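Let us read this model together, one feature at a time. Keep the structure open as we go.

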Amino acid sequence: MIAEPDGPEGRLRRLTTIWSRAVFPVTSTSLTRAEFEEQLRPLARRLSELLRARSFDAEAAKAVGAALVGAHCTDPEALTRTLDCVDAYLVLYCGADGPQDELRMRSSRLQHAMAAGYAQALRERTLAEQEAIAQAALRAQGVVAQALHASEARFRAVFEGAAIGVGIADLDGNVLQVNEALLRMFGLSEPSLRGRRVQDWVHPEDAPQTWRLYDELVHGEREHYHVEKAFNRPDGTVLWTNLTVSLLRDADGEPQYQLALMEDTTERRLLNLRLRYEATHDALTGLPNRTLFFERLEKALNAGEGQRFGLCYLDLDGFKTINDSLGHAAGDRLLVEVADRLQSCATAPGEMVARLGGDEFVALTTGPGSAREVDELAERIMGALVTPISIDGRDLLVRGSLGIVEGPSGERTAAEVLRSADITMYRAKSAGGNRSELADPEADARAITRHGLTTALPTALERGEFFIEYQPLVHLGDGSVRGAEALVRWLHPQHGVLGPDRFIPLAEHTGLIVPLGRWVLEESIRQARAWRERHGDQGAAGPLRINVNLSPCQLSHPGLVQDTVDILERAGVAPDALCLEVTESALIGADDDLLKPLRRLAEMGVDIALDDFGTGYSNLANLRRLPVSILKLDRSFTQGMQQFPADPVDLKIVEGIVTLAHSLDLAVTVEGVETGAQAEQLRVLGCDTAQGWYYARPGPPERLHDLALVDATG
Amino acid sequence: MERPAWAPRSIDISVPSVSRIYDYYLGGSHNFEVDREAARKAMEFLPGLPKIMQANRAFMRRAVRFAAGEGITQFLDIGSGIPTFGNVHEVAQAAVPGARVVYVDHDPVAVTHSQAVLAGNDDADVVAADLRKPHEILASPQLERLIDLNRPVALLLVAILHFVEDADDPYGAVAELRKALAPGSLLILTHASYEGIPLPAERAEGAVDVYKDIRNPLIMRSRDEIARFFEGYDMVEPGLVQMPHWRPDSEPEDEDPFAFSGFAGVGRTA
């Protein structure tokens, strides 16, 4: 329908256009003005109807005012402009030809109603929107609070469920919060911990840096620290912890709280202490062991100026026999009793007794007066052993050998001191036992040298430090050189030339005698061949023979016969060029098994000489049984012949032995011939061969060569 | 137990919110005195601020209708604020029944208010997330429920990018969103600028300072800088223009002079 420009619709449209032009600039609608005008059109129509209604109802205009609010005309300026517009144009465009006064009055009443309707709607909308935004804010806070609560609940679960103790305190040290684990550790209830101050937990065992670290942390100079710390529990026991304290800062980085994490290490610590005890004490006797003793000894030796130490090293005499005869259980009980008695000897401060192992005990005294104290200690120890020890109803007499070392701190190491004590104890034992000896540097030095030689022996053989000297064996009948005794020497890099008495016993002891003996045999046989090549088999007495000493160890070595045969064959030397010298003492009581190899060698043609004859328990009846062909008289028999006139008793003995030997078809060699008179005497007595300084001292093989030449030409 | 220092803080409604200030400009009462105080202060410098907001709403309304006309039925409105009236879902669902709308805002109060407004509307929902973290928006269950990213989406960034500082890489965020959109999607964008404001820039700076004071700095960008947000989009006619000039329904000459502040535009992904 197209409205007549001047018809009622056209006039209504003009009113609406004026109204919308007036109000649109102050609305906040997102509609276009044309769309906005469409919204106003029904409102204008309603006003027009109300103006001209037969029965006037001004109240109905309230809905028009409210509709303005619904069209988002919330700025009161929109109402002002609306009322201006209605006042000016409603009667003009919509009043038709009604009574003007009545229409103006009605218009005015409608405006009042519109204003009231607008105000009420705006008020309701405002309240509703305020309500909505407040609700939204509240819900949003609820959401955040819920998230916070969830986060706190998670945190609390971690806090409460943690196996380690967690505590939070402020920077003044006031405890704010602790978890269950921490309470359990302390054996406390939360109320009794709250309000406590961290500084109250000073403990005598706190490490020196503990509280300095604490101060640095609460002053923000340190982010965290870690210490081992002890706490007193209410029940008087001590709680040991691994404690880590961290500084908590707020969002701006300002220090706010301290957070302590602690782990209960009490059990572990006790276990460590027990392990430490077990590691430092002897399980049998409960005495400190070697480890702890060395710690204490080293402490005493590092004690500083003016401090001294005294050490007693005790080894029971004949303990092995007790162990072997009464059994280890009895031996152990004996050791326990000895330990108890020793323990009672060392009660003064600075004194201790330890068991080094087996039946070896040590007692240590420290301090400036140890020189006197150690003597008294040794006396008490020897005294403590005097009373017999009763084991299984037997009274056992226990004796011990005691080595005493005393001296100032700071001069020797613990190992050196203990070695000296050990050496000294062995001196006491060698001297018969049941006594104490005081350490003596010279004796120590000898023992140390002996030890040094023993350990140097194997390399000495490898390095070729041994060499052989030869001492001629001279036939007393014609003065001709018949052979030589091979005598081994050691050219020691430090000690110079050492004779066999210095190292053969050591070699015997370590078993090195077997390879050493084999080397001597090889070397000597090689030398014998060299002589033979030089001189041929000239002379009535045949080729030069070589005498080699055989130690008891070699004698019982299973490879003796084979080695000897191999060496002879390899050198191409006949067995009869070799004479093996065996000491009488090595053969005393020898059974057939031991004699068998000697017999084999004798059968092959090797001569066997009985060395040092007459010094031991010479079993003359046994002589027949032995596969020997030569007796070597010990030098002690010839010593009596050095003077003139000779000792008649010695002469008789030698004469007797010679007669005996010859009757058994044994040749006799004498050692230690130093004078011509002596030599003559022995020749008269019937001795066959001699050796000694009178003829030649032991020397290099060339010397023998010269002698033999002299002999051959002379 | 006291609240631990490291726990998140609660909402503080004594701090002004840009959403509620916006509502106040639009004549709403979803605001508190702190918001109104800040708004009045800003209006002392720029009295036409309500008109700028109104122009934003009017542009958005035209652009949503345009998108609906292009056949788009999915809308993602980031920085939706407090939807006083004339919202995307009203406009879109009026144009295309069943159109789906997801609102996004980082203001928790705006989000809960939107939840209340949208109660019972199965085709619209709201996500509490931040434009600065686009992956959180794209991965949200609401978006997954309502929007099929294999089909075109109208992405609305109306009056929001001027609250993202360069340090927070707004261009990167816009690019990341673009990459998630199917071809034929639209970017509907407005942005504040000193260009077009019918007052000397010094006056406008006063209003900018107000936003700085409430810790929601307003970043005024030049037309060129705003145009860069459309990288990867083909501009829809008439391009990036002052709001009243974008496909107007009525004569732009009738508009309030403040309506010409800032720029608006729509781009389409290839």
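**Cores, chains and a crossing**

Q: Which residues of the largest nonpolar core touch the most other members?
A: A nonpolar core is a set of buried Ala, Val, Leu, Ile, Met, Phe, Trp, Tyr and Cys residues joined through C-beta atoms within 7 Å. A residue is buried if 20 or more other C-beta atoms lie within 10 Å of its own, exposed if 12 or fewer, and partly exposed in between, with C-beta atoms placed from the backbone. Here the largest core has 89 residues, and B:Ala154, B:Leu155, B:Leu156 and B:Ile188 touch the most other members. Its largest share, nine residues, comes from α3(B). A second, separate core has 62 residues, including A:Leu473 and A:Phe613.

Q: How should I read the names and the limits of the model?
A: The model is predicted: local features need pLDDT of at least 70, side-chain atom pairs count only at pLDDT 80 or more, and totals for chains, interfaces and linings use all residues. Residues are numbered from 1 along each chain as its sequence is written, while chains are lettered from A and ligands numbered from 1 in the order in which they are written.

Q: What is B:Leu155 in contact with, beyond its neighbours within four places in sequence?
A: Two residues are in contact if their C-beta atoms, placed from the backbone, lie within 7 Å. The partners of B:Leu155 include B:Leu76, B:Leu177, B:Leu181 and B:Ile188.

Q: How many helices and strands are in chain B?
A: Both are DSSP runs, numbered from the N terminus: helices are H or I, at least four residues, and strands are E, at least two. Chain B has ten helices and seven strands. Of its 270 residues, 52% count as buried.

Q: How many residues does each chain bring to the contact between A and B?
A: Chain B brings 32 residues and chain A brings 33. On the chain B side, α5(B) gives the most, with six residues. That side divides into 15 nonpolar, eleven polar and six charged residues. Ala, Val, Leu, Ile, Met, Phe, Trp, Tyr, Cys and Pro count as nonpolar, Asp, Glu, Lys and Arg as charged, and the others, Gly among them, as polar.

Q: At what angle do α2 and α5 of chain A cross?
A: Axes are lines fitted to C-alpha atoms, for helices over the stretch in contact, and angles run from 0 to 180 degrees between N-to-C directions. The axes of α2(A) (residues 33-52) and α5(A) (residues 100-161) come within 9 Å and cross at roughly 130°. The two helices are therefore oblique to each other. Under 35 degrees counts as roughly parallel, over 145 as roughly antiparallel, 65 to 115 as roughly perpendicular and the rest as oblique.
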